[in-house]
Amino acid sequence: MTEEQILSELAEILNEVAGVEASKVSADKSFLDDLEVDSLSMVEVVMAAEDKFGVKIPDEEVKNLRTVQDAINFIVKAK
Amino acid sequence: MTQIKAPFRPNGTKVAGVGGYRPKRVVTNDEVAPLIDSSDQWIRERSGIIHRRFAGPDETVAEMAKLATLKALEFANIEPEKVDLLILATATNPAQLPNLAMEVTHKIGATHAGAYDLGAACSGFSYGVAAASEAILAGDAEVAVIVGSERMSDFVSQYDRGTAFLFGDGAGAFVITSDEEFKIAPPVWGADGSMAEAICMTKSWTDFQAETASEFPSLKMEGQRVFRWAITEMVQVAHAALAKAGIQVADLGAFVPHQANQRITDHIAKSLNLPEHVAIAKDGIQMGNTTAATIPLALETLMENNEVKSGDLALIMGFGAGLSYSGQVIAIP
């Protein structure tokens, strides 16, 4: 899976789970500050990402995922 | 050989009365927000909470428990002297001992009652419903009271961004008596001690004593970790509780989860696919998280708003610090 594909799937998840407009999602955006995804929605995003990408994202890791790129990097490494 | 006499054991038990006590002082988000660099909007989005109540100096854990208990006894039309067991579920007794349950029985004139406190935090009320029901089924008691009462404001730091806005004070009680039928289902309960640090105190009393200049212990919580546990594990608990009662989701009249956070309630309700006719308790929006008191207070509100009727089945379930959980189906009086 390319980074572009991961980005596109993440945008879909963010839209479904947190109501974020998919067009707003780019790799440099911060979940909290730019996309207004609060810490509880982040948990839901992480759970959906685990299902979609077949990876495990432990609770301790979640707070390190500040930007969309952080999430992409984690998923690439975990796959 | 001499046999021990077997007590009379009824066929079943029921909730005969419900009563709550809400402290006088209403505390809005606007009052709480500045101390945690937050806003009314942020608090509402994060938790659904609009306001909560903080107990005043006269509204002690025992006093609030007494008032909730008297209200529930009035509902049940039972004299306080008839109570022979009172269980007080609380996490906020400000002293190691004595338990507060007997202060309540003393205040209400229940001179024949056994009394003890039950410590299971947010699961305490449901564990207590089971304990009270079982006492009656065993023939140990005829009129039992389970009352949850909390002064969370004594132990939550106003400056902790993760917890300051969530918790409130209050008390709620059920009166439980025998019945020809089974109107309180067996509980589903459990605990995960590996997650004890997800909701705990910043330090123990002995640590506090050992430190020369130290901040008072307060509640701390790993919000994201607890949220994830609640929205996944508690769905299974709900299904198990329904199965133990031998009913389906569609048979419910009400879903009354511990009012930890409206977003948790919404998530679990969605995962359970609750049909539209099932009333969903949301009293936490007005009261905050009152730990062991949330369930009876939330049920009382549904009843007062006529969102449920007598005889409807309600799934009550508590979950929280421990981490622990307990839930069961009851018939609404």
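Begin in chain B by selecting the strands β1, β7, β6, β4 and β5, which form, in that order, an open sheet of 5 strands with mixed pairing; two strands count as paired if DSSP finds at least two bridges between them. Helices (H or I, at least four residues) and strands (E, at least two) are DSSP runs, numbered from the N terminus. This is a predicted model, in which local features need pLDDT of at least 70 and side-chain atom pairs count only at pLDDT 80 or more, while totals for chains, interfaces and linings use all residues. Residues are numbered from 1 along each chain as its sequence is written, and chains are lettered from A and ligands numbered from 1 in the order in which they are written.

Stay with the sheet and look at its edges, where β1 and β5 (114-118) of chain B each have a single partner strand, so one side of each is left without a neighbour in the sheet. Now select β1(B) together with β7(B): the two run antiparallel and are joined by 9 bridges, and B:T13 can be found opposite B:S178 in β7(B).

Helix α10 (residues 294-304) of chain B lies across β1, β6 and β7 of chain B, at about 85° to β1(B), whereas helix α4 (residues 101-108) of chain B lies across β4 (85-89), β5 and β6, at about 130° to β4(B). Such angles run from 0 to 180 degrees between N-to-C directions, and the axes are lines fitted to C-alpha atoms, for helices over the stretch in contact.

Then colour chain B by domain, with domain 1 covering 12-179 and domain 2 covering 188-331, bounds that come from an automatic or database domain assignment. Between these domains, the contact takes 45 residues from domain 1 of chain B and 41 residues from domain 2 of chain B, where residues are in contact if their C-beta atoms, placed from the backbone, lie within 7 Å.

Finally, move to chain A and select helix α1 (residues 3-18) and helix α2 (residues 39-53), whose axes come within 10 Å and cross at roughly 135°. The helices α1(A) and α2(A) are therefore oblique to each other; angles under 35 degrees count as roughly parallel, over 145 as roughly antiparallel, 65 to 115 as roughly perpendicular and the rest as oblique. To see where they meet, show residues including A:L10, A:I13 and A:L14 in α1(A), and A:V45, A:A48 and A:A49 in α2(A).

How values were computed. Two residues are in contact if their C-beta atoms, placed from the backbone, lie within 7 Å.
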